[in-house]
Structure formats: C-alpha cells, structure tokens
Amino acid sequence: MVIVIRVMVVDDERLLRAGIRSILQAEPDIEVPVTCEGPQAVEMAVRHRPDVVLLDIRMPEADGISVLSSLLALPNPPVVAMLTTFAADEDIAPALRAGASGFLVKDTVPDELASAVRVLASGGTILSPAVADSVVGGYLRANGHGPLASRLASLTDRERDVLALLAQGRSNAEIGTALLMGTATAKDHVSAILAKLGTANRVQAAVLAHHYGLVRMDPEPAP
C-alpha cells in the first residue's frame with residue numbers, strides 16, 4: 001500500500017501554485033488537495049490537514065513568518081518548508097528561528113522538489129544549496145559564532161555521526177538504519193544534540209553541521 005503525502009502550497013502567485021501542484025500531482029505518492037494565498041493558509045490547513053506545507057516566505061497580503069507561526073501552533077501541525085525567490089532573502093533567518101523545517105528556492109527542479117517533499121514528510125530537513133549560505137550566515141550572526149563552536153565540541157563522536165546524517169536530511173528511522181541503532185535510540189541522540197547545541201529544531205542543527213563541515217562526513221556503521 002502506497003502512503004500518500006498530502007501537500008498544501010501557499011503562495012500569492014496563482015501560476016506558481018499551479019505549477020508546483022502539477023509537478024507534485026504527477027508523483028504516485030504525493031497529492032495536493034489544496035493551494036491558496038497566505039490569508040487562507042491556516043483555515044485551509046485545518047480543513048485539509050496536509051502533511052507538508054510549502055509556504056512562500058514573502059507575500060503581499062500576509063507575512064510568511066506569521067503564517068508559519070500560526071501553522072505550527074495548530075494541533076498536530078504540518079511540516080512547513082519555506083519557498084523563496086532570493087537566495088539571500090533577509091527573512092530566511094527569522095523563518096529558521098520560527099521553526100521552518102526547510103528552505104527551497106522557487107526554481108528548484110521538479111525531481112528535487114518531489115524528493116524534498118518526501119524528505120520533509122519522513123521527518124528530515126531540507127536546505128536548498130542556493131540558500132544554505134544565507135541560512136547559515138543569518139543564524140550565526142544572530143547567535144554568535146564562538147559559543148556555538150564550543151557547544152559543537154561538546155558532542156560525542158556518536159552524536160557527531162548522527163548530526164552528520166541529520167544534516168543530510170535523514171529521518172530518525174534512516175539515521176537508525178545507517179548507524180545500526182533503533183529509531184528510538186536515534187531520536188534520543190537527536191534530542192541530546194538539540195539540547196547541547198541549544199537549537200530549537202533539526203534545521204538549526206543542520207545549519208551548524210553545514211557550517212562546520214560535518215555534512216561531508218561519512219559515518220561508519222557501528223560494529
């Protein structure tokens with residue numbers, strides 16, 4: 001049985017919404033029951049209960065950051081990734097702090113868009129390469145470089161392995177499989193990593209891993 005991922009697209013441009021919907025609807029495991037503009041986002045999310053929301057970071061009639069916060073405040077909230085036109089968008093860092101699970105530029109190629117939705121639905125994170133530098137820079141400026149480096153040094157070797165995989169967008173189940181540990185154990189490691197780093201979510205932790213080069217690591221499975 002194929003598990004279908006329900007996606008909602010929120011953007012002020014009707015043509016863009018239609019284009020993303022057409023791309024995703026062509027996938028056998030993804031459906032897009034609704035697209036809308038920012039002011040209708042929360043109402044439509046309550047009505048259609050999407051698993052993943054792709055949300056424009058800048059809309060003329062609604063503040064993308066405020067919409068993000070409202071969506072994440074819902075009971076059983078969806079996973080929300082932000083869509084941006086500009087790789088250096090000044091709203092990226094605030095969206096990261098507000099709890100966005102990923103960032104995608106609007107010209108992401110179709111195959112990568114569908115893959116990103118699957119990663120998000122599985123509990124992973126997405127950082128489009130085009131926006132990664134902006135996300136990292138904004139987060140480091142807001143939080144200070146030195147303290148974060150010292151927090152990263154407090155991680156155990158196993159936690160660094162887990163963080164490296166987390167930064168690749170892996171879910172807890174995928175991390176567990178790669179490192180020969182149970183999903184619950186992987187989840188415990190992720191929780192410990194977030195606590196040690198002082199980060200609010202997986203994307204913030206992934207940002208640090210990208211900045212400090214851990215994403216290039218290739219952890220060996222435990223013996």
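The second largest pocket of this predicted model has a volume of about 170 Å³. A pocket here is an open set of points on a 1 Å grid over the protein atoms alone, with protein on both sides within 12 Å along at least five of seven lines. Grid points are joined across faces, edges and corners, and the volume is the space filled by probe spheres set on the points; the probe is 1.4 Å. Residues are numbered from 1 along each chain as its sequence is written, and side-chain values use heavy atoms, with hydrogens and water left out. Because the model is predicted, local features need pLDDT of at least 70 and side-chain atom pairs count only at pLDDT 80 or more, while totals for chains, interfaces and linings use all residues.

**Around the pocket**
- Ala45, Val46, Arg49, Pro50, Asp51, Leu74, Pro75, Asn76, Pro77 and Pro78 line the second largest pocket; lining residues have an atom within 4 Å of a point.
- By class, this lining has seven nonpolar, one polar and two charged residues. Ala, Val, Leu, Ile, Met, Phe, Trp, Tyr, Cys and Pro count as nonpolar, Asp, Glu, Lys and Arg as charged, and the others, Gly among them, as polar.
- Arg49, one of the lining residues, sits in the loop between α2 and β3. Its phi is near 50°, a positive value in a residue other than glycine.
- With a relative accessible area of 55%, Arg49 is exposed (exposed is over 50%, buried under 20% and partly exposed in between, with a 1.4 Å probe and protein chains only).

**The whole protein**
- Eleven helices and eight strands make up the list of elements; helices (H or I, at least four residues) and strands (E, at least two) are DSSP runs, numbered from the N terminus.
- Of the 223 residues, 49% count as buried.
- Among contacts (heavy atoms within 4.5 Å) between residues at least 6 apart in sequence, 71% join residues at least 24 apart.

- In helix α3 (residues 64-72), the buried residues are Gly64, Ile65, Val67, Leu68 and Leu71. They cover an arc of only 160° around the axis, so they lie on the same side of α3; the arc is that of the directions from the helix axis to the C-beta atoms.
- Their cover includes α2 (41-48), β3 (52-56), β4 (58-59), β5 (62-63), β6 (79-84) and α4 (92-98).
- Helix α8 (residues 157-167) is largely enclosed by the rest of the structure, because eight of its eleven residues are buried. Among them are Val162, Leu163, Leu165 and Leu166.
- Just after α8, Gly169 takes a positive phi of about 90°.

**Other residues to look at**
- Pro33 lies in strand β2 (residues 30-36) and is partly exposed, at 27% relative accessibility.
- Not counting residues up to four places away in sequence, Pro33 touches Arg6, Val7, Arg21 and His48.
- Pro33 and Val9 are 24 residues apart along the chain, and their C-alpha atoms are separated by 9.2 Å.
- Leu180, in the loop between α9 (172-178) and α10 (183-197), has a positive phi of about 55° although it is not a glycine. Leu180 is exposed, with a relative accessible area of 59%.

**Confidence**
- The protein averages a pLDDT of 85, and 85% of the residues score at least 70; pLDDT is the predictor's confidence in each residue, from 0 to 100.
- Over residues 216-223, pLDDT stays under 50, and the model has 16 contacts for them beyond four places in sequence.
- Where pLDDT is low, the predicted coordinates should not be read in detail.
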